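Here is a short report on a predicted model. Please read it alongside the coordinates.

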Amino acid sequence: MTTFTNNSQDPRSAKASAERQADDVPTRVEEFLEQWHGTISRRNFIKGSGLLVVGFSAAAAAGPLATDASAQTAGPYPDPNFRQLDSWIVIHENNTATFYVGKTDCGQGTGTAFRQMMADELDIAYDKTSCIMGSTDITVDQGGSGASDAIQTDGWPMRRVAAEARRVLLEMASARFAVPVDQLAVSEGVITVKADPSRSVTYGQLIGGKRFNIALTGNNIDATTGQAKVKPVQDLKIVGRSPQRYDIPAKVDGSLKWAVDVKLPGMVHARNVKPPVAGAKVISIDESSVRGIPGFIRVVSKGNYVAVVCEREEQAIKASRQLKVEWQKPSTPSFPASEDLFTYVRGATPTSSQRPNVVGNPDAALAGAAKIIEVEYDVPFQGHTAFGPAHATADPSNGQMTIYSNDMKSYGMRAGVAAFLGMPREQVRVVWMEGPQGYGRTAADDAGFEAAFLAKEIGRPVRVQWMRHEETAWDTKGPAFTFKMRGGLDADGNLIALDYNARAADYCHLGYNEAETVLIAQLMGTRRSTPASGSAATPSDMYAIPNKRTATQVVSLPLVWETPLRTGNLRDPNGPQVTFAAESFIDEMAAAAKADPVEFRMRLLTAASTDDSGFKRARSIAVVKAVAEAYGWDTRPSPGSQGAGTILTGRGLAYSYRNQTVVAQIAEVEVNRRTGHVWVKRLVCAHDCGLVINPEALRRTIEGGMLHSLSRALHEEVRFDTEKVTSVDWISHPTLTHADTPARIDVVLVNGDPHPDRSDLPPYGAGETACKPLIAAVANAIYDATGVRLRRVPFRDGRVLAALKAARVYQ
Amino acid sequence: MSKITLKVNGRAQTLDVDPSTPLLYILRNDLDLQGPRFGCGLGQCGACTVIMNGAAVRSCITPCSAVKGEITTLEGLAREGNLHPVQRAWIDEQVPQCGFCQNGQIMTAKVLLDRNPNPTDAQIREGMVGVLCRCMTYYRVQAAIKRAAASMATGTASGKGRLRAQDGRPASAGQGDIA
């Protein structure tokens, strides 16, 4: 077996770091290797340059400029101090810069955006920078990724510290040239005396290889700032352009080391043996059933958690299948079967009910309405079903615990694992590495905890990877919802009342990397006793409806713990479900009013006269107009006229927002009336997230988000009987494929360039909002094409065909 | 255990392994390759795809004893330091999101284009249908296949071309590639 052979056992210091020259300016593959090796080469560089600084406290020494590399990789691992500029930015002697940020990437290329923002503020060329993310010992704790807040929230301290570094460098140049700062010019890392351009100095000459030693202020990391102010939007040169993502070449040529690729000296392989049914208890384990397998090391079990450990991966897989375990099944059903889920949810006594939010008098308005529509919508559990199952490698060397993980919240995993193992936080670090898409799954990471537990038990580095059936059955699920909605129109077709009730099967919703709720803690019996209450949610729109009630409840399935139907945050946790119901219903009301769906919404958006502080209502109007224009929307009510052919076509609109990001989408569908098959032929999205950092990367993020929701609209549903999940692979749990791909996708970035009238519009979280409207847009398009309203997700062929037959649209 | 000789990316290597071991684990754990990855272990997703005798093969369900002929992995597509036109098209089109599935997308696309240098949209969909992506990059994958086909036909593959909007227009001013 090939292993990482450096003394520190840190895979980031594999052979290429020795080959790579510290003064290479990274481009393409080399650029990404900077992420992999940069800190080590940097540490070595510092050591080699004789810049060892002694006398720092451990805390001060932590972070990118830690001076004793071997000591740091051996642990302990104190937190980098976010109030030190040196924790964020290192300027190299060759006039390049490395940024250290406390974020991770789930595949949207946020690292490229961070480099753009920080390079702009620092006044250095984009391609003279690199970015290191998410490893708890060398990057400040910005929480990792989640909630689409990378740019919106965490981008601000990044920009401010880069601006502060620029300020300090200008002060240094001012002292060197004995010229006031305002008589200096700076461009691409070179400071020049305006009156005498022959006098210039580079950032690298000023501070390369040295510490800034500049203290920052701020009560928390989001508030971190120096004295300098960030640039006005008009002065940004790199933000708003589209440098190619630096991580992509290494993902295309096979050179990237992912978290799955970690190999350590003495490393062994583990596989879990999951309970065959939910809630099963271990009665006995027959280790002799696997002892004869070559390479077998141990069965590790505690409570109902069972794992096998072997020298080689295929041996561990074989042992996990072969191990004889006697389980005791629960005496009562753990949950209703999936076909009975919604009946159960409607009839269950809620575990919690939010006090309804009431505007006007909806009951009276409904009683006086000219027309009332009352319908229900259902969305099943939908899994994260990550493309690669959960995985992590843990190294217990030196009495510390290092976890190599793709956990999107690596800092939370560090704290969670420390609590889980009863180790001081300083002895645990998480090295974040790329992995299959997270979208919330790796915020409730399981494999990292399991690897750490097993590594501590075995005393050797342990690599854990789940099998496909485990991941699909036992990953965290987006909660199932059922909605009951009533709406009333007056005689003129105006929407005068809306009554919204959402009920989510979301009791015991999992937190982020919690030592007391992570699956291994549940199975071991070390979980806490009180489940999280969970939540349902209400629609996000700017519609002016005079009488409105929104109410939500949460219900529990019979089995609360040790269940594969455990809910977690799935890419805008409740948004796609809630927006499916809300925006389908607005369409139903428009149809009842015989109004065009765009016009009907525009009436509701323009009815109120005041804008909020973020221009959200005005921007909602702009976005709905933009999507209709980009699509070429013809004004007419739905449904359209059906032709006589087999293929019926239609278009549907939906709109939503998240925080300050506003999105409207139109789906154009073809419905085969003989098979029930739906093909979404075209998608159009208008999107306003304020200031756009990298338009081309944003377009692809929006496309991916829309198609993820298209997969949820057409295919995804977790199926189960009363004791186990029966969706266990890509056959029993289908997903979107190449065959489903729209022929055309248009993305309109409404605020793609700084708007002259609102130039200070800040950047807002862009990604998850794009997931919200699409399921409704597809449902509305199917209705437009067929006159048949689908109120139950997903719109698989059989369900659509049954609805077409019931409505006599089938031919 | 038995001795098995594999020729991978032009190098022959002899290993002492259980002959029933799926090729994937040999490639990853013994030969230290990281292009092919575990996605399902069932041959359903394509993450583990390698090229064997000109065909895209799922290494997770291929026992190493069944390997006949030379194997090419993602790492072996480049020639003399130059990326394969399919890889260049992937970068030009900025296809990946997380990128975990892209080994299967690229290797399958390479075989598709070897067999049919000028595929129609329908042929691309049909040829790629068994290769899954949970970031749903399908739209860009299909665009990149067309881009690669065009560049291979004209021999004008560009490694660092300007990003283009999907409809083929150049990206608008201020949005160009500055890498």
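The model is predicted: local features need pLDDT of at least 70, side-chain atom pairs count only at pLDDT 80 or more, and totals for chains, interfaces and linings use all residues. Residues are numbered from 1 along each chain as its sequence is written, with chains lettered from A and ligands numbered from 1 in the order in which they are written.

**Domains of chain B**

An automatic or database domain assignment gives the bounds.

| Item | Value |
|---|---|
| Domain 1 of chain B | residues 2-76 |
| Domain 2 of chain B | residues 85-154 |

Their centres, taken over C-alpha atoms, are 21 Å apart. Each domain of chain B puts 13 residues into the contact (C-beta atoms, placed from the backbone, within 7 Å).

**Helix H5 of chain B**

Helices here are DSSP runs of H or I with at least four residues, numbered from the N terminus. H5(B) spans residues 138-154 and has 17 residues. Its first and last C-alpha atoms lie 24 Å apart, close to the 24 Å expected at 1.5 Å a residue (1.5 Å times one less than the number of residues). Its buried residues include Tyr138(B), Val141(B) and Ile145(B) (buried: 20 or more other C-beta atoms within 10 Å of the residue's own). Their cover includes H19 (695-714) of chain A and H2 (85-93) of chain B. Gly155(B) follows H5(B), with a positive phi near 70°.

**Nonpolar core**

The largest nonpolar core has 279 residues (buried Ala, Val, Leu, Ile, Met, Phe, Trp, Tyr and Cys joined through C-beta atoms within 7 Å). Val308(A), Val627(A), Val778(A) and Ile782(A) touch the most other members. Helix H20 (774-786) of chain A gives the most to this core, 10 residues.

Technical notes. Contact = placed C-beta atoms within 7 Å. Buried ≥ 20, exposed ≤ 12 C-beta atoms within 10 Å, placed from the backbone. Helix = DSSP H or I, 4+ residues; strand = E, 2+ residues; numbered from the N terminus.
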